[in-house]
Amino acid sequence: MTGRSTEDLAQQLVRDLPPVKPIARLRVAGSLVASLSVVAVVATGWMTGEWPRFGEAVFWSDPIRVAVLLGLMIAAAGAVVAALASAIPGREPLVRAGWISAGSAAVGSIGCGLWAVAGGESEFAASLLAGSAGCFAHALLLAIPAALAASFYISRGAPQHRLIASGAAAAGSAGLGAVAVHATCSAVGSFHLLLGHCLTPIAAGLLFALPLAVLIGRWSPTAFES
Amino acid sequence: MGDERETRWRTWMVAAQAGETPAYEKLVAELIPYLRRFVQRRLLNAAAAEDVVQNILISIHRARGTFRPERRFSPWLHTIARNAIIDQTRQHARRLRREVSLEADGVAEPSSDPVEPLRPRLSPELEGALSALPDSQRQAVELIHLHGYSIAEAAAQVGATKAALKVRAHRGYRAMRAHIEALRPEENGG
């Protein structure tokens with residue numbers, strides 16, 4: 001390094017010791033992210049009049065739709081847990097569990113979407129893509145507060161791989177948005193289900209990992225300089 | 001890690017988070033020999049072990065806010081230490097690749113030292129170009145291009161901003177190229 005001894009460095013570190021507040025508990029951060037998603041859904045519902053259709057029997061009558069809802073919920077929760085836990089050294093088992101559950105649920109959810117597509121509804125791809133883009137964009141808008149909160153939490157921590165953590169934050173937040181969109185959307189097309197709902201977390205994770213990583217870098221406290 | 005030591009280190013870290021210097025001093029003093037053993041057991045490149053221990057101490061210092069008082073200290077410490085070892089291993093591999101690349105270009109001589117050198121041995125003309133640089137530029141080039149440090153790490157070492165260090169390294173690199181090109185007129189058609 002610089003040629004100084006480890007003991008000299010230790011003395012320098014000891015002299016530079018401003019008090020720090022321990023990072024918030026994971027469950028507190030997770031609850032905040034989830035709450036912000038709910039707030040975003042309520043605010044959007046209040047502005048547009050579109051509310052989750054959990055009270056409608058028809059929503060629960062389609063097993064594929066219910067399976068996709070469950071898959072998205074688990075994928076979103078898993079990705080958010082992986083993102084937040086990656087900010088804290090020593091929480092790797094939780095990060096792994098988050099990734100495994102998010103990955104399996106995303107694959108399951110996409111599998112359900114593909115199954116629905118294979119089930120054969122005749123739809124026009126162009127109109128489907130247009131509708132899917134709307135749902136995708138809607139989910140992303142709903143994801144913004146949660147993504148920002150998760151990124152801020154990660155910036156306070158010490159992630160080993162910032163890009164992976166930010167990808168998980170993007171995927172998890174978009175997953176929460178997709179849950180709300182899925183619960184609100186009345187479109188029945190299977191392609192739409194796949195493109196507009198099931199693939200949202202993965203697409204958002206890939207698209208927004210880099211911008212969020214930059215944001216996390218900017219928000220990170222100044223590094224110790226020796 | 002023994003329960004008694006675990007409790008002691010956790011208590012000291014919690015006190016350090018509150019800014020209590022004596023507790024932090026005791027913690028660091030006990031951590032240094034522990035980390036030396038930890039790193040030496042895991043690192044093939046023994047020459048770099050002390051650097052890794054220093055990196056771990058800096059990481060612990062920077063990340064001390066991520067330790068939660070109700071959690072165990074050892075998993076937190078070991079993760080930071082392992083990550084530093086992984087970083088060092090990657091950096092070492094990058095440096096070796098660069099050495100091989102320099103040798104293939106005919107500008108560096110292969111090292112014959114039994115212990116890994118801190119930076120690749122350069123050809124006389126590269127050494128000449130490097131030594132002709134102003135101190136600040138030479139330091140930047142050495143840290144980034146020869147030692148394999150990231151911009152952030154190198155900037156932290158010399159106490160400069162990342163942008164300033166990038167500029168110094170870039171100017172140094174350009175000046176070195178000009179120096180070498182001036183020594184090789186026949187290759188440049190001049």
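This is a predicted model: local features need pLDDT of at least 70, side-chain atom pairs count only at pLDDT 80 or more; totals for chains, interfaces and linings use all residues.
Colleague: How many helices does chain A have?

Modeller: The elements of chain A, from the N terminus on, run α-α-α-α-α-α-α-α-α. Zero strands are found in chain A. The number of helices in chain A is nine.

Colleague: What share of the contacts in chain A joins residues at least 24 apart?

Modeller: The count takes contacts in chain A between residues at least 6 apart in sequence. Two residues are in contact if their C-beta atoms lie within 7 Å. Of these contacts in chain A, the share joining residues at least 24 apart is 85%.

Colleague: At what angle do the axes of α2(A) and α7(A) cross?

Modeller: Two packed helices are described by the angle between their axes and the distance between the axes. Helix α2 of chain A covers residues 26-48 and helix α7 of chain A covers residues 162-184. Their axes come within 10 Å, and α2(A) passes α7(A) in a right-handed crossing. The crossing angle is roughly 35 degrees.

Colleague: Which residues of α7(A) meet α2(A)?

Modeller: From α2(A), the residues in the contact are A:Ala34, A:Ser37 and A:Val41. By class, the residues of the contact of α2(A) with α7(A) are four nonpolar, two polar and no charged. On the side of α7(A), the residues are A:Leu176, A:Gly177 and A:Ala180.

Colleague: How many residues of α7(A) are buried?

Modeller: A residue is buried if 20 or more other C-beta atoms lie within 10 Å of its own. Helix α7(A) has 23 residues, and most of them pass, so α7(A) is largely enclosed by the rest of the structure. The number of buried residues in α7(A) is 20.

Colleague: How many residues of chain B are in contact with chain A?

Modeller: On the chain A side, 28 residues take part. The side of chain B that touches chain A has 16 nonpolar, 11 polar and seven charged residues. The number of residues of chain B in contact with chain A is 34.

Colleague: Which helix of chain B supplies the largest share of the side that touches chain A?

Modeller: Each of α1, α2, α3, α4 and α7 of chain B supplies at least two residues of that side. The largest share comes to eight residues. The helix supplying them is α3(B).

Colleague: Is B:Ala49 buried or exposed?

Modeller: The place of B:Ala49 is in helix α3 of chain B. Leaving aside neighbours within four places in sequence, B:Ala49 is in contact with B:Arg36, B:Val39, B:Gln40 and B:Leu43. Because B:Ala49 has 20 C-beta neighbours inside 10 Å, B:Ala49 counts as buried.

Colleague: What percentage of the residues of chain B count as buried?

Modeller: The secondary structure of chain B comes to eight helices and zero strands. In chain A, buried residues make up 46% of the 226 residues. Of the 190 residues of chain B, the part that counts as buried is 34%.

Methods: Residues are numbered from 1 along each chain as its sequence is written. Chains are lettered from A and ligands numbered from 1 in the order in which they are written. Axes are lines fitted to C-alpha atoms, for helices over the stretch in contact, and angles run from 0 to 180 degrees between N-to-C directions. Helices (H or I, at least four residues) and strands (E, at least two) are DSSP runs, numbered from the N terminus. A crossing is left-handed if the near helix is turned anticlockwise from the far one by less than a right angle, and right-handed if clockwise. Ala, Val, Leu, Ile, Met, Phe, Trp, Tyr, Cys and Pro count as nonpolar, Asp, Glu, Lys and Arg as charged, and the others, Gly among them, as polar. A residue is buried if 20 or more other C-beta atoms lie within 10 Å of its own, exposed if 12 or fewer, and partly exposed in between; C-beta atoms are placed from the backbone.
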